[in-house]
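Please walk through this structure with its charges, contacts and backbone turns in mind. The sequence and coordinates come next.

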Amino acid sequence: SQPRLPACFWGREIMSKPLGSYWDVLEPQFKAINIYKNAETLAASIADIPRYIVLLYAAHMCQSEVHNGGFLQLFWNSTGIIVPDAIEAYKTIGMPILASLLEQAVQPLGLPYPLDRDDRWDALLRASGLDEAELEAIFKTTDNFYIGFVKATKNLPFDDLDREFWDAVKTESGGFETAATRYAQRSEER
C-alpha cells in the first residue's frame with residue numbers, strides 16, 4: 001500500500017479538505033514529472049512521487065493528447081514516453097476499454113514499445129508500410145515535419161481508435177474525471 005501523503009505537500013495543504021478531483025493530488029506534482037528528455041530523466045523525476053500520482057499523470061496526459069490531436073500526436077510528442085504507464089493506469093483506475101484501445105493503438109509500433117521519441121518516429125514510419133522513396137517524396141513536398149508524419153501514417157488505424165477513445169473517455173466508468181477521482185480518493189485513504 002502507498003504511504004499517506006503528509007498534510008502539507010510541496011507547501012500546499014491538500015489533505016485538510018475532502019478530495020474534490022484527482023487534480024487535487026496531481027497538480028502539486030505535475031511540473032515535477034519530466035517527460036521531455038529520456039527514460040532515465042523520467043525515472044529520476046518520479047522516483048519520490050507516489051506511484052498512484054504517476055499513474056494519474058500518465059492517464060491524464062494520454063487522454064489530453066489523444067483528445068487534442070489523436071494517437072499520432074501522442075506517439076509523436078514527448079508525451080509518448082508515458083504510454084506504458086497510461087495503459088497500467090487505465091487498468092488500475094477501472095477503465096479497461098481505454099487500456100485496450102491504447103494497447104491497440106500501440107501495436108503498429110511494435111514491441112518493446114519505443115520510449116525514445118526518435119525511435120517512436122522510426123517505428124511510426126516503418127508501420128506506415130511505405131518504402132523509403134515514398135517517405136522521401138512525402139517529406140520533400142511537405143513544409144511541416146509533423147504534417148509529413150500525418151501524411152505518411154494515414155493508413156494506420158488511428159482515426160477510428162481516436163474516436164472510440166474519445167467516446168470511452170466520456171462514458172466508461174462514469175467518465176475519466178469520475179474514475180480518476182475515485183481512484184485518487186481510494187489511494188489517498190490508504
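Helices here are DSSP runs (H or I, at least four residues), as strands are (E, at least two), and they are numbered from the N terminus. This is a predicted model, so local features need pLDDT of at least 70 and side-chain atom pairs count only at pLDDT 80 or more, while totals for chains, interfaces and linings use all residues. Residues are numbered from 1 along each chain as its sequence is written, and side-chain values use heavy atoms, with hydrogens and water left out.

Start with the backbone. P112 sits in the loop between α5 and α6. The peptide bond leading from L111 into P112 is cis, with omega near -5°. S173 is not a glycine, yet its phi is positive, about 55°. Why point these out? Most residues other than glycine have a negative phi, and most peptide bonds are trans. S173 counts as partly exposed because its relative accessibility is 27%. The classes are these: buried means under 20% relative accessible area, exposed over 50%, and partly exposed in between (1.4 Å probe, protein chains only).

Now turn to the charged pairs. A salt bridge is a side-chain nitrogen of Lys or Arg within 4 Å of a carboxyl oxygen of Asp or Glu. How many salt bridges does the structure hold? There are 5. One of them joins the side chains of D85 and R51, at 2.8 Å from N to O. This pair links distant parts of the chain. D85 belongs to helix α4 (residues 83-92), R51 to helix α3 (residues 51-76), and 34 residues separate them. D85 is buried, because its relative accessible area is 15%. R51, at 29%, is partly exposed.

Helix α4 takes part in another pair. K91 forms a salt bridge with E103, with 3.0 Å between the closest N and O atoms. K91 lies in helix α4 and E103 in helix α5 (residues 96-106), so the bridge ties together parts 12 residues apart in sequence. E103 is partly exposed at 32% relative accessibility.

K140 and E136 form a salt bridge, their closest N and O atoms 3.1 Å apart. Both lie in helix α7 (residues 132-140). They are 4 residues apart, which means about one helical turn between them. K140 is exposed at 66% relative accessibility. E136 is partly exposed at 40%. Elsewhere, salt bridges that share partners join R51, D85 and E88 into one network.

Which residues form a negative surface patch? They are D116, D118, D119 and D122. Patches are built from residues with over 30% relative accessible area and no salt bridge; like charges are joined within 9 Å, and nonpolar side chains (Val, Leu, Ile, Met, Phe, Trp, Tyr) within 5 Å. Areas come from the Shrake-Rupley method with a 1.4 Å probe, and for residues only the protein chains shown count as cover. Lys and Arg count as positive and Asp and Glu as negative, leaving out His and the chain ends. A charge is placed at NZ of Lys, CZ of Arg, CG of Asp or CD of Glu. D122 is partly exposed, because its relative accessibility is 41%.

Is T153 buried or exposed? T153 is buried, at 4% relative accessibility. Its place is the loop between α8 (145-152) and α9 (158-171). A polar atom of the T153 side chain lies 2.6 Å from the backbone oxygen of F149.

Finally, compare sequence separation with distance in space. A89 is in helix α4 and is buried, at 0% relative accessible area. A89 and V54 are 35 residues apart in sequence and 8.6 Å apart, C-alpha to C-alpha. V150 lies in helix α8 and is partly exposed at 33%. V150 and T178 are 28 residues apart in sequence, with 32 Å between their C-alpha atoms. D167, in helix α9, is partly exposed at 46%. D167 and A123 are 44 residues apart in sequence and 27 Å apart, again C-alpha to C-alpha.

Methods:
A polar contact is a pair of N or O atoms within 3.5 Å; within protein, one must be able to donate a hydrogen and the other to accept it, and residues adjacent in sequence count only if both atoms are side-chain atoms.
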